[in-house]
Amino acid sequence: MSLDLSRHALALARRHYGHGQVDQAIDVLLHLLGEQPEQAEAHALLAFCLLKRKRLHVAALEAARALELEPESVSAHLAAALVAIARRRLAEAETHLNAARELDPASAVIEDGFARLHQAWGHDERALEHARRACELEPDDLDYRALLATLEFRRGDRGAAEALAREVLELDPEHLEALCVLGHCELAAGRVDDARQHAAWAVQLDPMDEQALTLLAAVKARRSPLLGLWWRFQSYLTAGSRTRTVVMLLGLFLLYQVGMIALSQNGLQRWTLPLSLLWLGFCAYTWIAPGLFWRSVKKELQQVTLRPGF
């Protein structure tokens, strides 16, 4: 394969990956690496693609191979960092991101990596700072705006999240992350049919995408008689900062304790047992329901199978 054909193949793979056509990108990269196995950039891009397909072990091998071939490659360090985040090896991911930053201090994609790292750590404010920095460095990149929308939604600012997602979708109606964020916003606002449409669209674009399947499962949970009540409760509870959520949970517990004391002091002891059972049922329901929800997500994921020979 000539140098020009090699560059064309790598550019084609990047274009497929950028449009969410992960399988096509993998096909191109496998063909390229079959001809030129020493292409570090191709190994790094293949690691990104395999990461999208949740094939973490193989993605880690590809990222390691890219680093072995080109230790000073920003893409290789980024691939290794994102694989480490997916495997919850967050300190290792930070090391790779710091190495990438030393090689390219003003890169938006590295800020994006740090945002995803702090998102995994649960440092929402720091994740937002890095996502905003990425948007400042490359304001035309829709992926960074979509990530910012996701983080705004996570911290409870659904208005900002919806506005950002709509901005992205006006420019790219098939942007999968923006579709999922907007779907979650619609669901939180009670517009279930609209959320269902966004979920169906996202799954149609990429039936294997975890965000799309999670949104679809969330829509199903919202409509379920068993999970619908929990879904409304947790949506209301998490529609704000973590401090708000903790304060509300403490308030509920204090309300329960005050109720028990008030019943006892007013000679209504016969109602303390029903109130205790009600509180116990509430605790059990809010403990069991998330498990049922994530089981439904896994069920959706299991419906997806890789084609033979992948």
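This is a predicted model: local features need pLDDT of at least 70, side-chain atom pairs count only at pLDDT 80 or more; totals for chains, interfaces and linings use all residues.
Residues are numbered from 1 along each chain as its sequence is written, and side-chain values use heavy atoms, with hydrogens and water left out.

Let's start with salt bridges, meaning a side-chain nitrogen of Lys or Arg within 4 Å of a carboxyl oxygen of Asp or Glu. The count here is 17.

One of them joins E152 and R132, at 3.3 Å from N to O. E152 sits in helix α9 (residues 142-154) and R132 in helix α8 (residues 124-137), so the pair ties together parts 20 residues apart in sequence. Helices, by the way, are DSSP runs of H or I, at least four residues, numbered from the N terminus. E152 is buried, at 6% relative accessible area, whereas R132 is partly exposed at 32%. Buried means under 20%, exposed over 50%, and partly exposed in between, with a 1.4 Å probe and protein chains only.

Next up, R166. Its salt bridge with E162 has the closest N and O atoms 3.1 Å apart, and both residues lie in helix α10 (residues 158-171), about one turn apart. R166 also forms a salt bridge with E186, again listed at 3.1 Å. That pair links distant parts of the chain, since E186 is in helix α11 (residues 176-188). E186 is buried, at 4%.

Note on methods
Helices (H or I, at least four residues) and strands (E, at least two) are DSSP runs, numbered from the N terminus.
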